[in-house]
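I opened the file and kept notes as I went. The entries follow in the order in which I looked things up.

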Number of protein chains: 2
Amino acid sequence: MTQPLLRKVAEDARAAARVVAKVAPGTRALALEEIAGAIKARAAEILAANARDVAAAETAGLAPAMIDRLRLDAPRLAGLTRAVAEIAAAPDIVGRVERPEVRPNGLAISRVRIPLGVVLMIYEARPNVTTDAAALCLKAGNACILRGGREASESNRALLGAVHAGLRAAGLPETCVQLVPVTDREAIAELVKLEDLIDLCIPRGGEGLIRFVTENARVPVIKHYKGVCHIYVHAAADQDKALEIIANAKIPKPSACNAVETVLIDKEIAADFVPKLVAALSPKVELRGDAAAQRYGGDKVRAATEDDWHAEYLDWILALRVVDGFDAAIAHIETYGSDHTESILTKDEAVAERFLREVGSSTVIVNASTRFADGGELGLGAEIGISTTRLHAYGPMGAEGLTTTKFVVRGNGQVRS
Amino acid sequence: MTQPLLRKVAEDARAAARVVAKVAPGTRALALEEIAGAIKARAAEILAANARDVAAAETAGLAPAMIDRLRLDAPRLAGLTRAVAEIAAAPDIVGRVERPEVRPNGLAISRVRIPLGVVLMIYEARPNVTTDAAALCLKAGNACILRGGREASESNRALLGAVHAGLRAAGLPETCVQLVPVTDREAIAELVKLEDLIDLCIPRGGEGLIRFVTENARVPVIKHYKGVCHIYVHAAADQDKALEIIANAKIPKPSACNAVETVLIDKEIAADFVPKLVAALSPKVELRGDAAAQRYGGDKVRAATEDDWHAEYLDWILALRVVDGFDAAIAHIETYGSDHTESILTKDEAVAERFLREVGSSTVIVNASTRFADGGELGLGAEIGISTTRLHAYGPMGAEGLTTTKFVVRGNGQVRS
């Protein structure tokens, strides 16, 4: 798309944002219910479009993991529809009054939740992001511009048809949700410069894409960056639970950003624990360790290099490091962590509380799997992603992360002295 | 400063941020009290340094308004010290637990306030910003890099000496607050690209500076942009109060960003109200109006041009426009407003509520002066500025705006099913 066409898209989004911000909450909820209904009604059409995307991806020789993320079937489509219906049913956020107070001069002050305005979402393969993002943005009273992956273009167009049908049924402009067929980087670079028309850009995808957006953007960017998640097995850990938690954080879904990538083992228990961990994970999971982990783990543990401490494997590979106590574990996380999720396993409450306090990652956990760093699991409902940018949304980001507050002041003639 | 030197400053800030985020709340409060004490103890030295800045500014022929902003005297220095002491005494924010809940699987979830990390503040003449910004950043557990105006360099260095003395007395590294003598734009451009070391940039100053930062930044930017503030005098306004409020919003401090720049007068009362407004403001305030305002206001109202609707005069000049009802007033604000502050004057509560709901500016007011858009007046304590960026901080931004939250999860062995 050329620059004037992109600008027109953003101008239409700005105009739609003004409309959707002002309508009664019931209108937004109605639109979401209608969207869920339209997805259900158009299921056959959506699945057929998706089958064409999958066939093209197979012909093009895309990686099986990528094709799996792209694929929709009846249960996945039902899950996607349920997510929209749940967002429709959740309490309204826009207009929520926070912290009202009356000042000594009689001014009544409150903060009121308002939409951000226009949100630009840049993402890759998974078609469910199209409806999740559209639904969360609408819930929060925003207009959105979606730039999905090229490999999902037929699926996204079919889903957008359902979204537009729902918007029309609720009397809202279709321009509340627009999908731009932008595939070249130059056009993305133009889009993220439109600071007068776009309030926030959320890039979610590969490292290269996120770097490109950050380097070119004039609009604020909330990065949904990589998850190099750690589990620290403290000396006072319940070792049986630790084995179960580590297996859960790695094996069922290694492609998740909240899967564990590095396990730090306290040296006090390493001789005892490392062999048990190796037995529990190998050969399903490839293990890469430092010298001590290799010593205790035997030949099933390959030598790790510096690159392994930085790696987000997204695969059945796990790095192991034996650390000399709490401070060494924290130092490792500060050096190699990605501000996503870290968990400590320990029965010592004082140590657990210190970990929760001192680790600055967006989700910090004691005695549970890193896989709980997820909007649904943390009670946010659906999520638009997991922010690793320390702005208003840090960690799993739901509809509330797509709003801000304004100050509302009610007076009766006050002037400032 | 060269690029490696700037990087060193930011690396030192990152290291200091790790320290100041983790210390006990009492340590940050102690540092702030010690800073207030050190400013008091060094008052003579600070005032002498400021006198040198003022003398140089006079020699250089700076505008009187600029010199006034630069000048410190004993009462102003006392005010600046009091601001630091008040920030010290305010309740602690870092570590505050928000919205705790227990999930059905027994996980105890809460959000905990944490610092942003490293804040880069770019500002101009006023030396009080140096201590306000340093104190607010410290309160919120952040390290900060300050880039003040060249014209205030001696004052800022003297104030920084007091800040460092306070940090030392509390056992905190001096690198918690650094002042960079960067005056060329190229160096600023380098600084705002250090996204791995700086979490937020707050530019506060002229339009050119803010544009330059936005265009060059890779770090998130919260803009403290211009205040084109409106007062809409509705048909049902109390006209005597309206005259008083408009005079208050313009005359005592026209250089404030929350001063009114355009008054919109409902056409139903224009013939009655405009002459009274002109009598109340002229000749102290120069008036520029549309054709209707000129018709009712007589020859004291000059013709306004399109530029006047966009203008942040920061002077005793006021634009007047007669509008055809509520929707026309909203349309004018949406076209020309700067998301700063707008006020409606009316006795009609339904109209007032509609205005508060529909206007998306960061502060919306009914029946009071726009001058209340201020951190102190709204109960935030001191403010680091007024954000016109719709991120977590929108409107007056205090210490809380310099924090975010992380998710804290306490389990007892939970794995994800």
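Before reading any sheet I noted the rule for strands: two of them pair if DSSP finds at least two bridges between them. Helices (H or I, at least four residues) and strands (E, at least two) are DSSP runs, numbered from the N terminus.

I also noted that this is a predicted model, in which local features need pLDDT of at least 70, side-chain atom pairs count only at pLDDT 80 or more, and totals for chains, interfaces and linings use all residues. Residues are numbered from 1 along each chain as its sequence is written, and chains are lettered from A and ligands numbered from 1 in the order in which they are written.

**Entry 1: between the chains**

I looked up strand β16 (residues 403-414) of chain A and found that it pairs with β13(B) in the parallel sense, over five bridges. I picked out Arg410(A), whose bridge partner in β13(B) is Val366(B).

Next I took the contacts (C-beta atoms, placed from the backbone, within 7 Å). I found 58 residues of chain B in contact with 59 residues of chain A. Among the elements of chain B that give two or more residues to this side are α1 (3-22), β13 (363-368) and β16 (403-414). Which element gives the most? I noted β16(B), with eleven residues.

I sorted the residues on this side of chain B into 21 nonpolar, 19 polar and 18 charged. Here Ala, Val, Leu, Ile, Met, Phe, Trp, Tyr, Cys and Pro count as nonpolar, Asp, Glu, Lys and Arg as charged, and the others, Gly among them, as polar.

**Entry 2: strand β8 of chain B**

Is β8(B) buried or exposed? Seven of the seven residues of this strand (260-266) are buried, so β8(B) is largely enclosed by the rest of the structure. Buried means that 20 or more other C-beta atoms, placed from the backbone, lie within 10 Å of the residue's own.

I then looked for the partners of β8(B). Strand β7 (residues 229-233) of chain B pairs with β8(B) in the parallel sense over five bridges, and Tyr232(B) has Leu264(B) as its bridge partner. Five bridges also join β8(B) to strand β11 (residues 317-323) of chain B, again parallel. There I found Ile265(B) opposite Val322(B).

**Entry 3: two helices of chain A**

I looked up helix α5 (residues 74-89) and helix α6 (residues 128-139) of chain A, whose axes come within 10 Å and cross at roughly 5°. The axes are lines fitted to C-alpha atoms over the stretch in contact, and angles run from 0 to 180 degrees between N-to-C directions. α5(A) and α6(A) are therefore roughly parallel to each other, the term for angles under 35 degrees. The residues in contact include Leu80(A) of α5(A) and Ala135(A) of α6(A).

Methods:
Contact = placed C-beta atoms within 7 Å. Buried ≥ 20, exposed ≤ 12 C-beta atoms within 10 Å, placed from the backbone. Parallel < 35°, antiparallel > 145°, perpendicular 65-115°, else oblique.
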